[in-house]
Amino acid sequence: MSTIVYRNHWSCVTYNRDELRRKRNLQKKHLQETKRKLFFVTISIILIMTLGSVFGSFMSSAKAITSQPQEYKYFTTYTVSYNETLWEIASFYADSHYDGISDYIDEVKRMNHIDNIDEIRAGSVLLIPYYSSEHLQ
């Protein structure tokens with residue numbers, strides 16, 4: 001059995017070749033185990049960050065959807081007064097659900113089967129659409 005001597009400034013250590021081989025093998029195993037643990041920790045962190053990002057974006061999308069109040073479309077009857085025009089009625093009931101007052105007027109004309117605005121007279125009863133955030137039953 002041959003021996004190997006390691007010297008430094010403070011000490012002198014003597015190993016035989018078998019002991020030295022075992023020591024190097026243990027160091028290699030320890031290094032491999034450390035690399036394996038580091039790999040699994042890195043993969044775990046990446047997985048947690050990815051899931052957090054996906055879940056966070058899902059939650060913010062859900063919050064954005066629920067933060068807007070729900071609006072419902074309703075219909076009511078409206079009796080036209082003397083000298084009242086469909087434009088005046090539409091300017092009161094039309095809202096952001098329509099591209100403009102003329103879009104609202106077109107819907108009222110379609111619903112009430114009106115071809116000509118001059119057909120509307122005082123006392124005429126119209127079906128008028130409107131939106132509300134209150135849920136009526």
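Predicted model: local features only at pLDDT ≥ 70, side-chain atom pairs only at ≥ 80, totals over all residues.
Figure 1. Ile43 belongs to helix α1, which covers residues 17-67. Together with Phe39 and Phe40, Ile43 forms a nonpolar patch on the surface. The accessible area of Phe39, Phe40 and Ile43 together is about 320 Å².

**Figure 2. Overview of the protein chain.** Three helices and four strands make up the secondary structure of the protein chain. Their order along the sequence is β-β-α-β-α-α-β. The chain has 137 residues, of which 17% count as buried. Among contacts with a separation of 6 or more, 53% come from residues 24 or more positions apart.

**Figure 3. Salt bridges within helix α1.** The count of salt bridges in the model is three. One of them joins Arg21 to Asp18, with 3.2 Å between the closest N and O atoms. Both Arg21 and Asp18 lie in helix α1, three residues apart, which corresponds to about one turn of the helix. Asp18 is partly exposed, at 35% relative accessibility. Another salt bridge is formed by Arg36 and Glu33, whose closest N and O atoms are 2.7 Å apart. Arg36 and Glu33 are separated by about one helical turn because they are three residues apart in helix α1. Arg36 counts as partly exposed, with a relative accessible area of 43%. Glu33 is likewise partly exposed, with a value of 33%.

**Figure 4. The salt bridge between Glu107 and Lys73.** The side chains of Glu107 and Lys73 meet in a salt bridge with an N to O distance of 2.6 Å. This pair links distant parts of the chain, since Glu107 is in helix α3 (residues 101-111) and Lys73 is in strand β3 (residues 72-79), 34 residues apart. Glu107 has a relative accessible area of 11% and is therefore buried, the cut-off being under 20%. Lys73 is partly exposed, with a relative accessible area of 33%.

**Figure 5. The largest nonpolar core.** This core contains 14 residues. The members that touch the most other members are Leu86, Ile89, Tyr93, Tyr104, Ile120, Leu126 and Ile128. Helix α2 (86-93), helix α3 and strand β4 (125-132) each supply at least two residues of this core. The most is given by α2, with four residues. Beyond residues up to four places away in sequence, Tyr104 touches Ala90, Tyr93, Ala94, Tyr98, Ile128 and Pro129.

**Figure 6. The buried residues of helix α3.** Tyr104, Ile105, Glu107, Val108 and Lys109 are the buried residues of α3. These buried residues pack against β3, α2 and β4. Tyr104 is also one of the core residues that touch the most other members, and Glu107 takes part in the salt bridge with Lys73.

**Figure 7. Asn112 in the loop between α3 and β4.** Asn112 is located in the loop between α3 and β4. Its side chain reaches the backbone nitrogen of Leu127 at 2.8 Å. When residues up to four places away in sequence are not counted, Asn112 touches Val125, Leu126 and Leu127. Of these, Leu126 is one of the core residues that touch the most other members.

Figure 8. Most residues other than glycine have a negative phi. Asn83, a residue other than glycine, has a positive phi near 60°. Asn83 lies in the loop between β3 and α2. With a relative accessible area of 61%, Asn83 is exposed. His113 is not a glycine either, and has a positive phi of about 55°. His113 follows α3 and is placed in the loop between α3 and β4. At 69% relative accessibility, His113 counts as exposed.

Key: Residues numbered from 1 in each chain as written. Heavy atoms only, no water. Buried < 20%, exposed > 50% of the residue type's maximum accessible area, 1.4 Å probe, protein only. Contact = heavy atoms within 4.5 Å. Patch = residues over 30% accessible without salt bridge, like charges linked within 9 Å, V, L, I, M, F, W, Y side chains within 5 Å. Areas by Shrake-Rupley, 256 points an atom, 1.4 Å probe, with all protein chains shown as cover. Salt bridge = Lys/Arg side-chain N within 4 Å of Asp/Glu carboxyl O. Core = buried A, V, L, I, M, F, W, Y, C linked by side-chain atoms within 4.5 Å. Polar contact = N/O pair within 3.5 Å; in protein donor to acceptor, adjacent residues only side chain to side chain.
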